[in-house]
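Take a look at the structure below.

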Amino acid sequence: MDDEAVNGRAWARYGQHHLDRGTRLPEVERLDWGFWGTGPGAEVLGDLPGKRVLDIGSGTGRYPAYLALAHGAVVDAVEASPTQHLRATARYSDVPGVSFVRADAVDFLRREAAPVYDIAYSVHAFGYIDPHQLLDALACRVREGGSLVFSVLHTNSSGVGPEVTVAPREEILPLAGGGELTVRMWVLSPLLWEDLLVEAGFLVERITVLRAPERSNPVTCTLIVARRRHS
Ligand SMILES: C[S@@+](CC[C@H](N)C(=O)[O-])C[C@H]1O[C@@H](n2cnc3c(N)ncnc32)[C@H](O)[C@@H]1O
């Protein structure tokens with residue numbers, strides 16, 4: 001099975017698992033680029049009221065709903081998994097300022113009618129998508145001078161750090177209540193992300209490694225703030 005199919009199947013099962021359990025996540029009060037509620041929040045996206053924003057891999061929809069309600073952004077929330085999309089629409093479909101789209105992010109961005117955004121962002125979804133394809137598709141859908149901000153895994157729970165070549169590797173997606181799914185993720189070094197972004201027409205403004213508050217937790221994430229170059 002190719003990487004896309006493995007990840008598609010895993011995220012469909014993940015969403016179904018939570019639909020079956022009736023999981024109800026608490027409402028978010030900030031944008032969390034890591035996993036710990038610490039570090040920067042929505043301010044790294046810049047000015048948000050009235051801005052046209054794209055969320056890539058929006059999952060349960062909590063962040064697009066938050067950005068629309070608390071910051072006045074106009075958000076397209078694109079999510080490939082039908083079950084994750086269902087979780088989002090069941091809860092947030094009536095939030096003004098958010099449109100939920102069930103589509104693969106690259107396919108969506110390549111649609112002729114896809115809009116051009118002021119800001120594109122993603123919280124922990126980039127790692128599941130081939131970065132060459134995603135950044136290439138994004139380059140025409142973020143306006144010149146517009147922002148691209150995303151967080152990705154840097155070091156996993158076994159302490160394995162990022163790769164220095166552009167290739168996916170197997171990672172474990174744990175399920176609440178027990179069990180796990182295998183996914184294929186592009187866990188890339190910050191330098192490699194920077195090379196890919198520059199190649200695709202973006203300038204990197206800031207790269208921050210986010211750490212867990214407790215020293216015993218090896219998991220770290222990378223937060224990347226980039227801007228589409230003017231031609
Ligand atoms: C770790 S979850 C993050 C969800 C959300 N951003 C959040 O932080 O709550 C990753 C999400 O990316 C979605 N995803 C993975 N590959 C995708 C693709 N090619 N296009 C759109 N969404 C995708 C998954 O289905 C999953 O819901």
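## Helix H1

The expected span of a helix is 1.5 Å times one less than its number of residues. This is a predicted model. In it, helix H1 covers residues 3-21, a run of 19 residues. From first C-alpha to last, H1 reaches 27 Å. That is close to the 27 Å expected at 1.5 Å a residue.

Which residues of H1 are buried? They are Val-6, Asn-7, Ala-10, Trp-11, Tyr-14, Gly-15 and His-18. Look down the axis of H1: its buried residues fall within an arc of 155°, so they line one face of the helix.

## Around the ligand

The ligand is surrounded by 18 residues. Gly-57, Glu-79, Asp-104, Ala-105 and Val-123 are the closest. By type, the shell splits into nine nonpolar, six polar and three charged residues.

Some polar atoms pair up here. Glu-79 places a polar side-chain atom 2.5 Å from an oxygen atom of the ligand. Gln-84 also has a polar side-chain atom by a ligand oxygen, at 3.0 Å. With Ala-80, the backbone takes part: one of its polar backbone atoms is 3.2 Å from a nitrogen atom of the ligand. How much of the ligand does the protein bury? Alone, the ligand exposes 590 Å², and the protein buries 90% of that.

## Helix H5

Helix H5 spans residues 131-139. Its buried residues are Pro-131, Leu-134, Leu-135, Ala-137, Leu-138 and Ala-139.

Now look at the start of H5. There, a side-chain oxygen of Asp-130 comes to within 2.9 Å of the backbone nitrogen of His-132.

Technical notes:
Residues numbered from 1 in each chain as written. Predicted model: local features only at pLDDT ≥ 70, side-chain atom pairs only at ≥ 80, totals over all residues. Heavy atoms only, no water. Near = heavy atom within 4 Å. Polar contact = N/O pair within 3.5 Å; in protein donor to acceptor, adjacent residues only side chain to side chain. Areas by Shrake-Rupley, 256 points an atom, 1.4 Å probe, with all protein chains shown as cover. Nonpolar A, V, L, I, M, F, W, Y, C, P; charged D, E, K, R; others polar. Helix = DSSP H or I, 4+ residues; strand = E, 2+ residues; numbered from the N terminus. Buried < 20%, exposed > 50% of the residue type's maximum accessible area, 1.4 Å probe, protein only. Arc of directions from axis to C-beta.
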